[in-house]
Each structure stands twice: as structure tokens, then as C-alpha cells.
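Welcome, and thanks for taking a look at this one with me.

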Amino acid sequence: MSKEYEGLKLENQLCFPLYAASREVIKQYRPYLDKLDITYTQYIAMMVFWAEKKISVKELGKKLFLDSGTLTPVLKSMEAKGLVKRYRSTEDERVLMVEITEKGEELKEQAKDIPQKVAGCVKLDSEEAVQLYSLLYKVLGMLKK
């Protein structure tokens, strides 16, 4: 390939190892999340609900870097499983709120060991993990502007 097309080589793309690493790490979650009958996207949403208890769909989307088109089917599925409930805000009916249910809270106990189990699959020492975490959030911050 001539020099003018060097940028089109897969090995010259920063996006590719990010994409591939993300998929491989998420794959490590599958056996644990299958036992809970939730997807990875539902899992990260539950992490927000366990911390916040209730949140607007808009704010949830910001925290998860997901748009409402992606979030809506995820939340509908979670609601059908009884993990969350959705309702209109009493202050502003244009705002859709989502709140964790008792069943969703109970899932926290079953999920508490997942981060440690998956962390063992990623072969980074603690300093490398902190550096990677910092760099990834730096990239996310730059892309959201």
C-alpha cells in the first residue's frame, strides 16, 4: 500500500484496538451476567441505579455515553424484568424518570463479586490499570466536547 493510504491500515487505527479490547473485556462478563439474566448494557445501567436510585433518562444517557435511542429498549427490557420502573416527572412531564425497584436492589447482592472476577481476566498491574483508566476517560472527555 502506498504511503498516502497508510492511514487506512488497520494496525494504524487507534479505534481498532479500543473496539477489540472493549469487546473482549465485555465478553468476560457474559458468563456472570447470563446468570443474572442481564446484558452488559443493563449491568452498567444497574450500576448507576444502585448508586443513584432514580435518575432521568437524559442523565443516565450522559453517564453511560448512550443516546436515548439505545437506552429506551434497554430500559423497557429492564422494566419488563421488574428491575426498574419508568414514569414521567411530576415537575416536568417531558422528563422521563427511571427508578430502581426492590428486585433491582436485590440483584446488587448477586452482582457484587463480578468486578473482581472480571478484573482477574485483564492482565494489568494496578499502575497500568490506573493509567489506562485515566487515558480512556481523557479520550471520552475530548470526544464529548
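Glu59 and Lys62 form a salt bridge, with 3.5 Å between the closest N and O atoms. Please keep in mind that this is a predicted model. Both partners sit in helix H3 (residues 57–64), and because they are three residues apart there, about one helical turn separates them. The general rule behind this is that an α-helix has 3.6 residues a turn, so residues three or four places apart point the same way. Glu59 is partly exposed, at 36% relative accessible area.

**Other salt bridges**

How many salt bridges does a search of the whole structure find? The count is nine.

| Pair | N to O distance |
|---|---|
| Glu59 and Lys62 | 3.5 Å |
| Glu6 and Lys9 | 3.2 Å |
| Glu105 and Lys53 | 2.7 Å |

**Helix H5 and its two faces**

Helix H5 (residues 102–111) has Gly104, Leu107 and Ala111 as buried residues. These three lie on the same side of H5, because they cover an arc of only 45° around the axis. What do the buried residues of H5 pack against? Their partners are H1, helix H2 (40–52), strand S3 (96–100) and helix H6 (114–119). On the face turned away from this buried side, H5 carries Glu102 and Glu109, which are exposed.

**Two residues and their contacts**

Ser56 is part of strand S1 (residues 54–56). Is Ser56 buried or exposed? Its relative accessible area is 12%, under the 20% limit, so Ser56 is buried. Setting aside residues up to four places away in sequence, Ser56 touches Val95, Leu96 and Met97.

Tyr40 is in helix H2 and counts as partly exposed, at 27% relative accessibility. Beyond its neighbours within four places in sequence, Tyr40 contacts Ile26, Tyr29 and Leu33. From Tyr40 to Lys27 the C-alpha distance is 9.0 Å, with the two residues 13 apart in sequence.

Leu14, Leu18, Val25, Val122, Leu124, Leu132 and Leu136 make a nonpolar surface patch of about 530 Å². Helix H1 (15–36) and helix H7 (126–143) each contribute at least two residues to the patch. One of its members, Leu132, is found in helix H7 and is partly exposed, with 39% relative accessibility.

**The overall picture**

The protein has seven helices and three strands, in the order α-α-β-α-α-β-β-α-α-α from the N terminus on. Its radius of gyration is 18 Å, whereas a compact globule of 145 residues would have one near 15 Å. Along the principal axes, the C-alpha atoms fill a box of roughly 60 × 35 × 25 Å. Of the 145 residues, 23% are buried. The accessible surface comes to about 10500 Å², and carbon and sulfur atoms account for 56% of that surface. Among contacts with a separation of 6 or more, 50% join residues 24 or more positions apart.

Definitions and conventions:
Residues are numbered from 1 along each chain as its sequence is written. This is a predicted model: local features need pLDDT of at least 70, side-chain atom pairs count only at pLDDT 80 or more; totals for chains, interfaces and linings use all residues. Side-chain values use heavy atoms; hydrogens and water are left out. Patches are made of residues with over 30% relative accessible area and no salt bridge: like charges are joined within 9 Å, nonpolar side chains (Val, Leu, Ile, Met, Phe, Trp, Tyr) within 5 Å. Accessible areas come from the Shrake-Rupley method with a 1.4 Å probe; for residues, only the protein chains shown count as cover. A salt bridge is a side-chain nitrogen of Lys or Arg within 4 Å of a carboxyl oxygen of Asp or Glu. Helices (H or I, at least four residues) and strands (E, at least two) are DSSP runs, numbered from the N terminus. Buried means under 20% relative accessible area, exposed over 50%, partly exposed in between (1.4 Å probe, protein chains only). The arc is that of the directions from the helix axis to the C-beta atoms. Contact means heavy atoms within 4.5 Å. The radius of gyration is taken over C-alpha atoms; the globule rule is 2.2 Å times the number of residues to the power 0.38.
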